[in-house]
Protein chains: 4
Amino acid sequence: MTDVAIMGATGYGGVELIRLLHAHPQVRLSYLSSDTYAGERVCDVYPHLAGVELPLQARDPAAAGRCDFVLLAVPAGGAMEIVPGLLDAGARVVDVSPDFRLQEAALYPRWYALGHTCPNLLREAAFGIPEWHREEIGSARLVAAPGCYPTGALLALCPLVAEGLIETHDIIVDGKTGISGAGRTSLQVDYHFPEAEADVAAYRVGGHRHLPEMVQELSRLTESEVRITFTPHLVPMSRGILLTIYAVPKAGAGADELRDCLRGRYQGEPFVHVLPEGKWPHTKWATGTNDCFLAVGIDETTGRAVAVSVLDNLGKGMAGQMVQCLNLMMGVEEATGLGLPAAYP
Amino acid sequence: MTDVAIMGATGYGGVELIRLLHAHPQVRLSYLSSDTYAGERVCDVYPHLAGVELPLQARDPAAAGRCDFVLLAVPAGGAMEIVPGLLDAGARVVDVSPDFRLQEAALYPRWYALGHTCPNLLREAAFGIPEWHREEIGSARLVAAPGCYPTGALLALCPLVAEGLIETHDIIVDGKTGISGAGRTSLQVDYHFPEAEADVAAYRVGGHRHLPEMVQELSRLTESEVRITFTPHLVPMSRGILLTIYAVPKAGAGADELRDCLRGRYQGEPFVHVLPEGKWPHTKWATGTNDCFLAVGIDETTGRAVAVSVLDNLGKGMAGQMVQCLNLMMGVEEATGLGLPAAYP
Amino acid sequence: MTDVAIMGATGYGGVELIRLLHAHPQVRLSYLSSDTYAGERVCDVYPHLAGVELPLQARDPAAAGRCDFVLLAVPAGGAMEIVPGLLDAGARVVDVSPDFRLQEAALYPRWYALGHTCPNLLREAAFGIPEWHREEIGSARLVAAPGCYPTGALLALCPLVAEGLIETHDIIVDGKTGISGAGRTSLQVDYHFPEAEADVAAYRVGGHRHLPEMVQELSRLTESEVRITFTPHLVPMSRGILLTIYAVPKAGAGADELRDCLRGRYQGEPFVHVLPEGKWPHTKWATGTNDCFLAVGIDETTGRAVAVSVLDNLGKGMAGQMVQCLNLMMGVEEATGLGLPAAYP
Amino acid sequence: MTDVAIMGATGYGGVELIRLLHAHPQVRLSYLSSDTYAGERVCDVYPHLAGVELPLQARDPAAAGRCDFVLLAVPAGGAMEIVPGLLDAGARVVDVSPDFRLQEAALYPRWYALGHTCPNLLREAAFGIPEWHREEIGSARLVAAPGCYPTGALLALCPLVAEGLIETHDIIVDGKTGISGAGRTSLQVDYHFPEAEADVAAYRVGGHRHLPEMVQELSRLTESEVRITFTPHLVPMSRGILLTIYAVPKAGAGADELRDCLRGRYQGEPFVHVLPEGKWPHTKWATGTNDCFLAVGIDETTGRAVAVSVLDNLGKGMAGQMVQCLNLMMGVEEATGLGLPAAYP
């Protein structure tokens, strides 16, 4: 059994990690920290985890660092404070904060109003999408798990950009997310049930923090400039993200070619599923899972490519992907402990 | 009092018309037809309309034609069969089917798999968006009320196209709709509560029938070719549409200029509201009303204009707009009988 | 025009009052107070009220007292502080806090942890259900509008108790409410969208504050002891209450007799609708309205009477009823300004 | 590996069985029948089951009977036609239709308008709640899995009745269910998203078919007459049932005694969780799982016991319980293959 710590264990990402790892056959959850609920047990805070009587402790990086692996689900700026110490203590880390996602330290002041305190680690961190960085992740000391939107966008876009099938300077990503992405501690009016129910709205138009991750990762795959317009929307559901992606195909690239590109790239991947022509994915297919569903076509009236990517923002978009990375780092089968398909409907 | 008939009175559009017109101070609902519920009373079929004891009758165009006005809410292909007779009988008609929206008869076989049986009326029909065709509607014998998506898209796009502020060959409309737009009689699995709840999905990608209306109406305002990629999505709410529109601004057009264009155009309009910089509309603001809320900005990273348009698909997107047209045709104050603002939340 | 003030104008009850009264033909909204948004305009805080450019002011009872009527939507304990002054200033008051609902001052410490500061006014206050206290309300200086649950329960139970058709010592009220009843400022995790969506739970089992109102009002109608078990539940919708009421019919009282009792009592009432045998009401029928729908039957296997009462907690359960009371106090037609039936679906 | 057949594999219960059993370490799904989708593969009908490429076949009891176990999820009346043949062929059966739940054949014409064709099997069938019939189930040829409501009601009531802590002639069960309980093929307007969203309503008041199961099972535990008033309600969620149960405690039975009774009875049970004083369960805790959460208290104002029971109608209320029974019949660990706790929120 491998000792694993979770810091930030009672946010939505943390509790999903507990759910998955408590049943993981090769993991022992040895240390769970919670700023809000230190001193209580998991099952008292979240009664649906009736069998998880583990204690929640105050934030203590030294204790976490004694574990083999630390999964970090703390807010932006919180990870960079403790990751160097964790690594020094010999732990390996999967961090889902943005603190190690961007390779250019200069982007942090601009997008997160934070100066980076350990920029030397930015180049070391592996970007935590296993389908694109499996080997780096497997041997990494530090994995930066991407945001939920970037995971969905990149799984759809990376193959098309890597094979040069779409123009990169004119990509539009229209995102629709469930509201659990807002987390549990930020009780704003926008997420108050009476206002969020039966409502749709755009937010942070043109300025969402997940944009630079998308640009960075696509830029690794092409020499062309990557420019993306990204508009996220809140829709009235708890979990799930659907991204509708518009791009200009390069000369000669038809719908079949785009679809074959995705299919070829994800052949054999256990969690990425490419749909046949004329089928478009539903967010409900991925709820509670580590699955991602992709579809692509070409709008005949304009010739523009339209791709749709679906995942669970707390699954493949967060905790599921972290466990997938952890499995790679532990050297066990990649799908271990990642549960069943979605409970539908 | 003016005698008004509704044909198709028990669909969602019909029952919304009854709600509005039963309380209209200058209208008498003299004839209501329902294929499904002929022989019953409105209040028996829809108990929330407890005070509306009017009878529902079998479809009888001759009876409808004896009224001053006929509001048609019948399926595609149904209106073209009866409109000529209604006009001959001297009635004036507001039709919310697609049968008279498209000016080119040749588009009907392609988009609706229907041959048009009275193409001579296509040029006569006024396109029923009062903010753009007020005078024609006021004097028309036949008004073709537009679809819910086109109403929202056109209210946002027409001013920008008319003033030459955006390129017309590269417009993307990403629509999110509540499920009442599917109507009441088409009980498909996609609209079955357990499957539609907590779910988002795209549908009819690249092929929705509302597209040619959008292209036609924008083409009236420009000599450039109009090309639109339109992707509609179902979101888990009953009423409401939000359209996110992406377009390339013409050289020199900044966010303020785009916003001022919308504001100037809709100054004094009772139902179209343009939001200040940084505010984006919520569908819930329009629920149950004839209101439309618009916002526009420019995404700095790509320079692309992003506009958002919100309305109630059964309100300004259907029955509300029909009543607004009817008021113009009757020569009464345009907002008569159109109810209160939204019951929020 | 009559000058009306609203204190607590930006809570859900307050904004519903503004919606209704801004369009009321005999009311001028002369003073609106908001602790949270003083200094802003209504349309800036609630953009869906685009036409309501009225200013929101700091709490100033003297300013409110210069109006003919004051509608109070402030929290428990807030009304008793200012009502005496308002009355002294000559204003008439409709208060939707609990401060004047209970006639026994001794109940306030027990149920609200408050000592009552003006107990002399408790006997003067009219209980604001027009269908049961129309004349008192019409001439009252002070009306105590009841809670949302008691309104629904009492409209169903009062006729049956008054006519002696049910036993009063063994009544069960099982309530299901939409979440807007929790108000807007109390942003608790229980009302956070991701947790409240797709969830049902009981709360305050056996101890909800609306219980003593129910007991008090029924006790006025009978000499028997009234005992009620009341269990409220949160269901995932914004507006609406459904109460399922179980009671033992007195010897000889059958389903028809119970139904006839309700029907006879509410004959001619514009807002209370009794359904025929075999029909049971839906909360959606009342959304956004001042309507209440009632049904009753007898469970054959046990002989127990089952009644169901439906209303909108912010409509007939709050702002709608307050406007109905205001109309009575102003001497205008009781339904003035109370809007259309529900926008369905 | 044990060969298992599912008949009725593409309804909501069937697809949940596939989800659970496809990953079951000791089960091989050898035969799946679907009247609607025969000839297709599971993953084509339900794309979220991307890895399940098993074929769906026409209904063929002989083929099913060649398996060791047959799980039946066919409509009322369908099971009694094929169960005798399956048993003759040597298969053991878990049937979730009502066909073998009631021990008195005479109840079928009354509650299901069906004459029973193999009444001799009624006494043989084990009633499929493992917590109450573990040994019978383990050795049974035929298990009648109970309805979703009865499972929840009986888990709460059986201990209290068995120990004589409540009166049995005056029990009220007020049920709230998600809409997946209506199944997938019955596309009625009541389950159409626009009407079911944001709505609550009672249905089949006094006449729901799950009532006689509750009465029968409780009657086994007491010599007193059992009388239950059962009122089910639809609430706007897909999965989940909450039952609020009202009963009169017998003299001397306090809240602690009732709670201790439940706790003692379910000590060590993996799927039934009794909450401490003052905590009441949420349906969301059980979504997608085989868990049941129970709480009980006493309403001080009336002395009545109030118990709340929560489960997932498709989990412990259907497919989960069937798998739990199957495990007992197979002689493997009872929780095998029953998945993780709920994905919350």
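1. Is Glu269(B) buried or exposed? Glu269(B) is buried, with a relative accessible area of 12%. Keep in mind that this is a predicted model. Glu269(B) has a salt-bridge partner, Arg134(B), and the N to O distance between their side chains is 2.7 Å. The two sit in separate parts of chain B. Arg134(B) belongs to helix H6 (residues 130–139), while Glu269(B) is in the loop between helix H10 (255–266) and strand S11 (272–274), so the pair ties together parts that are 135 residues apart in sequence. Arg134(B) is partly exposed, at a relative accessible area of 28%.

2. Salt bridges over the whole structure. The search finds 83 of them over all chains. Side chains of opposite charge can pair when their charged atoms come close. The points below take up a few of these pairs.

3. Arg184(D) forms a salt bridge with Glu195(B), and the closest N and O atoms are 2.6 Å apart. Arg184(D) lies in the loop between S7 and H8 of chain D, and Glu195(B) lies in helix H8 of chain B, so the pair joins two chains. Arg184(D) is buried at 12% relative accessible area. Glu195(B) also counts as buried, with 5% relative accessibility.

4. Asp170(C) and its arginine partners. Within chain C, the side chain of Asp170(C) meets that of Arg304(C) in a salt bridge of 3.2 Å, N to O. Asp170(C) is in the loop between helix H7 (148–162) and strand S7 (171–177), whereas Arg304(C) is in strand S13 (residues 304–311), so the pair ties together parts that are 134 residues apart in sequence. Asp170(C) is buried, with a relative accessible area of 13%. Arg304(C) counts as buried at 5% relative accessibility. Asp170(C) also meets Arg304(D) in a salt bridge, at 2.6 Å, N to O.

5. A network in chain A. Which residues do salt bridges with shared partners join into one network? They are Glu16(A), Arg19(A), Arg239(A) and Asp312(A).

6. The contact between chains D and C. Each chain is represented by a set of residues: 42 from chain D and 42 from chain C. Together the two chains bury about 3600 Å², with 56% of it on carbon and sulfur atoms. The count of salt bridges between chain D and chain C is 6. Residue pairs in polar contact number 34, both residues being at pLDDT 80 or more. On the chain D side, at least two residues each come from strand S7 (171–177), helix H8 (193–196), strand S8 (201–202), strand S9 (228–234), strand S10 (241–247) and strand S13 (304–311). S9(D) gives the largest share, 5 residues. By class, that side has 22 nonpolar, 9 polar and 11 charged residues.

7. The contact between chains B and A. Here 42 residues of chain B touch 42 residues of chain A. About 3700 Å² is buried between chain B and chain A, 56% of it on carbon and sulfur atoms. Which residues of chain B lose the most area to chain A? They are Val200(B), Tyr246(B) and Lys284(B), together 14% of what that side buries. There are 6 salt bridges between chain B and chain A. One of the salt bridges is between the side chains of Asp174(B) and Lys176(A), at 3.0 Å, N to O. S7, H8, S8, S9, S10 and S13 of chain B each give two or more residues to the side that touches chain A. The largest share, 5 residues, comes from S9(B). The side divides into 22 nonpolar, 9 polar and 11 charged residues.

8. Strand S10 of chain B. How many of the 7 residues of S10(B) are buried? The count is 7 of 7 for residues 241–247, so the strand is largely enclosed by the rest of the structure. Ile241(B), Leu243(B), Ile245(B) and Ala247(B) are buried on one side, and Leu242(B), Thr244(B) and Tyr246(B) are buried on the other.

9. Strand neighbours of S10(B). Strand S7 (residues 171–177) of chain B pairs with S10(B) in the antiparallel sense over 6 bridges. Thr177(B) has Ile241(B) as its bridge partner in S10(B). S10(B) also runs antiparallel to strand S13 (residues 304–311) of chain B, joined by 7 bridges. There, Leu243(B) has Ser309(B) as its bridge partner.

Methods:
Residues are numbered from 1 along each chain as its sequence is written. Chains are lettered from A and ligands numbered from 1 in the order in which they are written. This is a predicted model: local features need pLDDT of at least 70, side-chain atom pairs count only at pLDDT 80 or more; totals for chains, interfaces and linings use all residues. Side-chain values use heavy atoms; hydrogens and water are left out. Contact means heavy atoms within 4.5 Å. Buried area is the accessible area (1.4 Å probe) that two parts lose on being put together, summed over both. A salt bridge is a side-chain nitrogen of Lys or Arg within 4 Å of a carboxyl oxygen of Asp or Glu. A polar contact is a pair of N or O atoms within 3.5 Å; within protein, one must be able to donate a hydrogen and the other to accept it, and residues adjacent in sequence count only if both atoms are side-chain atoms. Helices (H or I, at least four residues) and strands (E, at least two) are DSSP runs, numbered from the N terminus. Ala, Val, Leu, Ile, Met, Phe, Trp, Tyr, Cys and Pro count as nonpolar, Asp, Glu, Lys and Arg as charged, and the others, Gly among them, as polar. Buried means under 20% relative accessible area, exposed over 50%, partly exposed in between (1.4 Å probe, protein chains only). Two strands pair if DSSP finds at least two bridges between them.
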